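Subject: Structure for you to look at, with notes

Dear colleague,

Here is the structure I promised to pass on. Please open it beside the notes below, which are meant to be read with the model in view.

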Amino acid sequence: MAGDDDANDDWAEAMGEQAASEAQAAGMPSLQEDGDGKKAVDNEKLDVILDIPVSLSMEVGRTQIPIRSLLQLTQGSVIELDRLAGEPLDVMVNGTMIAHGEVVVVNEKYGIRLTDVMSPSERIQKLR
């Protein structure tokens, strides 16, 4: 459908702009030798893992309720979350938070604009 192609083009354009600005800030490691004679990660070796799929999700908030309340939920029920309206969403990769973001709409589809991305060292610390 022509409408779907236009929507995909808009998303591709928005993502392309984002990628272009990020490409200058963070490059892929290249083969380099440090003072100890050890070699840094080679781009070709990174290519092996770059196509591995990961699960990306956005978390609006959390809450805990007893099973009794869960079983009583019906269409139209409201569940209170631990976040205030307007707070940024958590962006999770395989269950680990890597960024915060805000909801955007492009051609009637939801997306997320990243507002704060954790550094790789912060992500590693969260895994420990």
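Residues are numbered from 1 along each chain as its sequence is written, and side-chain values use heavy atoms, with hydrogens and water left out.

The pLDDT, which is the predictor's confidence in each residue on a scale from 0 to 100, averages 77 over the protein chain, and 66% of the residues score at least 70. Where pLDDT is low, the predicted coordinates should not be read in detail.

The protein chain holds four helices and four strands, and along the sequence they follow the pattern α-α-β-α-β-β-β-α. Of its 128 residues, 12% count as buried, where buried means under 20% relative accessible area, exposed means over 50%, and partly exposed lies in between (1.4 Å probe, protein chains only).

By the rule used here, a salt bridge is a side-chain nitrogen of Lys or Arg within 4 Å of a carboxyl oxygen of Asp or Glu, and the count comes to three. One of them joins the side chains of Glu-59 and Arg-62, at 2.8 Å from N to O. Glu-59 belongs to strand E1 and counts as buried at 19% relative accessibility, whereas Arg-62 is partly exposed at 48%. Leaving aside neighbours within four places in sequence, Glu-59 is in contact with Arg-83, Leu-89, Asp-90 and Met-92. Two of these residues, Arg-83 and Asp-90, form a salt bridge with each other, their closest N and O atoms being 2.4 Å apart; Asp-90 is buried at 10% relative accessibility, and Arg-83 is partly exposed at 21%.

Arg-113 and Glu-102 also form a salt bridge, with 2.9 Å between the closest N and O atoms. Because Arg-113 lies in strand E4 (residues 109-117) and Glu-102 in strand E3 (residues 96-106), the pair ties together parts that are 11 residues apart in sequence. Arg-113 is partly exposed, with a relative accessible area of 45%, and Glu-102 is likewise partly exposed, at 36%.

Turning to the surface, Gln-64 sits in the loop between strand E1 (56-59) and H3 and is exposed, with a relative accessible area of 76%. Gln-64 is 18 residues from Asp-82 in sequence, and their C-alpha atoms are 9.4 Å apart in space.

Leu-70, which is found in helix H3, is partly exposed, with a relative accessible area of 48%.

Notes:
This is a predicted model: local features need pLDDT of at least 70, side-chain atom pairs count only at pLDDT 80 or more; totals for chains, interfaces and linings use all residues. Helices (H or I, at least four residues) and strands (E, at least two) are DSSP runs, numbered from the N terminus. Contact means heavy atoms within 4.5 Å.
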